[in-house]
Amino acid sequence: MTKPSGSWVRRLRTSSEATSWPRSAMRILLGAFLLAAGTSHLTIARAEFRAQVPEFVPLNADLVVLGSGIIEILLGLALLLLARWRVPVGWAVALFFVAVFPGNVAQWLHGRDGFGLDTDAQRFIRLFFQPLLIILTLWSTGAWRDRKRVEKDDSTGPTTRP
């Protein structure tokens, strides 16, 4: 009989190495940033965020802004409060940053002003900050560092009982 070990979940939840204070500080800073950005999606900057929704997204722009704001709030809270789950949270936040990147590209391609970016050069330079956010997220949560440990430990697969 084959029975999943379930230990891979524990390995995702707890890291083999402690996180340094600079990593923890950056994780907390990113969490606060996401919390603030998500809140602004729902309140003061809603119109500016609507301008970033690419035309190819088949949903109402306001719905996209509200949904992404809620997701940002949840991810920010996760970074702040779920330190034991920081590795999977880190991957989720990094994937979120990848998912919203087309909005940044659309803002540049279509010359949309927003967030004080009112020239093509400013909008283009902003594109380079998204990869930086992804790198900082993976570094601060230890997600990139701990990926090999999880893959290695999980390579044994399910346990088999006679």
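Figure 1. With a relative accessible area of 34%, L77 is partly exposed, a class that lies between buried (under 20% relative accessible area) and exposed (over 50%), with a 1.4 Å probe and protein chains only. Together with I70, L74, L81, L82 and W85, L77 forms a nonpolar patch on the surface, and these residues have about 570 Å² of accessible area together. Patches are made of residues with over 30% relative accessible area and no salt bridge, with nonpolar side chains (Val, Leu, Ile, Met, Phe, Trp, Tyr) joined within 5 Å and like charges within 9 Å. Accessible areas come from the Shrake-Rupley method with a 1.4 Å probe, and for residues only the protein chains shown count as cover. Residues are numbered from 1 along each chain as its sequence is written, and side-chain values use heavy atoms, leaving out hydrogens and water. Because the model is predicted, local features need pLDDT of at least 70 and side-chain atom pairs count only at pLDDT 80 or more, whereas totals for chains, interfaces and linings use all residues.

**Figure 2. The whole protein.** The protein contains eight helices and two strands, and from the N terminus on its elements run β-α-α-α-α-α-α-α-α-β. Of the 162 residues in the protein, 35% are buried. The protein exposes about 9600 Å², of which carbon and sulfur atoms supply 69%. Among the contacts (heavy atoms within 4.5 Å) with a separation of 6 or more, 76% are accounted for by residues 24 or more positions apart.

Figure 3. Two packed helices are described by the angle between their axes and the distance between the axes. Here axes are lines fitted to C-alpha atoms, for helices over the stretch in contact, and angles run from 0 to 180 degrees between N-to-C directions. The axes of helix α5 (residues 86-109) and α7 come within 8 Å and cross at roughly 175°, which makes α5 roughly antiparallel to α7. On the α5 side, the contact is made by R86, V87, G90, W91, V93, A94, F97, V98, V100, F101 and N104, and on the α7 side by Q130, L133, I134, T137, L138 and T141. The axes of helix α6 (residues 120-127) and helix α7 (residues 129-141) come within 4 Å and cross at roughly 20°, and α6 and α7 are therefore roughly parallel to each other. In this pair, I125, R126 and L127 of α6 meet F129, Q130 and P131 of α7. Angles under 35 degrees count as roughly parallel, over 145 as roughly antiparallel, 65 to 115 as roughly perpendicular and the rest as oblique.

Figure 4. Side chains of opposite charge can pair when their charged atoms come close. A search of the whole structure finds five salt bridges, each defined as a side-chain nitrogen of Lys or Arg within 4 Å of a carboxyl oxygen of Asp or Glu. One of them joins D62 to R46, with the closest N and O atoms 2.6 Å apart; this pair links distant parts of the chain, since D62 is in helix α4 and R46 is in helix α3 (residues 46-50), 16 residues apart. R46 counts as partly exposed, at 26% relative accessibility. The side chains of R50 and D62 also meet in a salt bridge, at 2.9 Å from N to O. R50 lies in helix α3 and D62 in helix α4, so the pair ties together parts that are twelve residues apart in sequence. R50 counts as partly exposed, at 34% relative accessibility, and R46, R50 and D62 are linked in a network of salt bridges.

**Figure 5. R112 and its surroundings.** The salt bridge between R112 and E55 has its closest N and O atoms 1.9 Å apart. R112 lies in the loop between α5 and α6 and E55 in the loop between α3 and α4, so the pair ties together parts that are 57 residues apart in sequence. R112 counts as buried at 17% relative accessibility, whereas E55 is exposed, with a relative accessible area of 51%. Leaving aside its neighbours within four places in sequence, R112 is in contact with A51, Q52, V53, E55, A106, Q107, L117 and R123. Between R112 and Q52, which are 60 residues apart in sequence, the C-alpha to C-alpha distance is 7.5 Å.
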